[in-house]
Amino acid sequence: MTNSQEYTHQELEIINRMRGKVMGRNENSGVNLFMVWGYPTVLVFLLEFAALMILQKHWYEWLWVGIPLLGVPLMVHFQRKDYERTGHRTLDSNVALQMWIYIGAASAFLGFFTGIAGVYPVCYCFIQGLLIGMGSFLTGIISRFRPMTTCGIIGSVLSFACLFLQGDLWPWQFLIVSVISVIALIIPGHLIFRYVKQFNSFNS
Amino acid sequence: MNSFKFPVINPLLHNELRLKIMVALDSLESANFMYLCEITDATRGNLSIQIKTLQEAGYLQVDKSGSGPAARSVCRITRKGHDALLTYEQGLRRLFTERVPDKETQQEFKKTIK
């Protein structure tokens, strides 16, 4: 090996070592993001179901507002806490965050416009379930976490069940979306949480 | 006649700590000062000087929040910095894989990196 090759070898070693070090310490993730959106979503959809089936109230159509009202402040809080704890933000987590903000905004517009157009019972739950499943699937792809990708696919497939629950059966769509939220948001959230915990204890 | 042409070695990145900072930030969206201190195993003073050098070259963007001892610096790599690192790495890889023919050209190479 010539001198220049030795020199370049050392420099390339530094570059590779640093990349490995940074990637090995990517302990911040969408952990809280999933739980933060998962639990309020399940809670709100169960409330909508209860309001419609038990209380027979018609304000159920606007209960979805509770999802961003609970989710956004919690998300901002946990993201800030996560950043303070780890001191860095990865490109992957940033892409996932932007995507979920987009999905959140799309869900809000969906709730608002289906309510105004009077098609809330027809398609709201189907599209909402599909969005959650797709978001989970894409996050799984971005973070290379296969269980999340699988959960996302299951969630997306389940959302089509809402199309068959029309007429008198339509309130049951809320239960389907609750199940989708558990499968595509809460379960992957807990799985990542456990995975990160194990990874960190192994590294330390 | 030797047809080998040396790639231009960026003197700003020809420093271990500066290179470490650039590589770390290139793999991340952003990172704060303490994280960089930890990941590069550098002292605060040295890190601060190198970050300033890279910032002045337009390779890093540093956002500061707060003031006094509680001030926080968040660093991001710029497009210019990313391109410079890419060119530097490509140059190194070329040097490593291509045959450098004789001692004369090696001397020439040494001059370019000083």
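Phe174(A) is found in helix H7 of chain A, residues 172-203; helices here are DSSP runs of H or I with at least four residues, strands are runs of E with at least two, and both are numbered from the N terminus. This is a predicted model, in which local features need pLDDT of at least 70 and side-chain atom pairs count only at pLDDT 80 or more, while totals for chains, interfaces and linings use all residues. Residues are numbered from 1 along each chain as its sequence is written, with chains lettered from A and ligands numbered from 1 in the order in which they are written.

Is Phe174(A) buried or exposed? Phe174(A) is buried, because 26 other C-beta atoms lie within 10 Å; the cut-off for buried is 20 or more, exposed is 12 or fewer, partly exposed is in between, and C-beta atoms are placed from the backbone. Leaving aside neighbours within four places in sequence, Phe174(A) is in contact with Phe45(A), Glu48(A), Phe49(A) and Cys125(A), where contact requires backbone-placed C-beta atoms within 7 Å. Pro121(A) is 53 residues from Phe174(A) in sequence, and their C-alpha atoms are 9.8 Å apart.

Next, the two chains. The contact takes 21 residues from chain A and 22 from chain B. On the chain A side, H1 (3-24), S1 and H4 (91-117) each give two or more residues, and H1(A) gives the most, with 14 residues. That side divides into seven nonpolar, 10 polar and four charged residues; Ala, Val, Leu, Ile, Met, Phe, Trp, Tyr, Cys and Pro count as nonpolar, Asp, Glu, Lys and Arg as charged, and the others, Gly among them, as polar.

S1(A), residues 88-90, and S1(B), residues 28-32, are antiparallel over three bridges; pairing needs at least two bridges found by DSSP. Thr90(A) has Leu28(B) as its bridge partner, and His88(A) stands opposite Ala31(B). S1(B) also pairs in the antiparallel sense with S3(B), residues 72-77, over two bridges, and there Ala31(B) is partnered by Cys75(B).

Last, a helix pair in chain B. The axes of H1(B), residues 16-26, and H2(B), residues 33-40, come within 10 Å and cross at roughly 120°; axes are lines fitted to C-alpha atoms over the stretch in contact, with angles from 0 to 180 degrees between N-to-C directions. The two helices are therefore oblique to each other: under 35 degrees is roughly parallel, over 145 roughly antiparallel, 65 to 115 roughly perpendicular, and the rest oblique.

Terms used:
Two residues are in contact if their C-beta atoms, placed from the backbone, lie within 7 Å.
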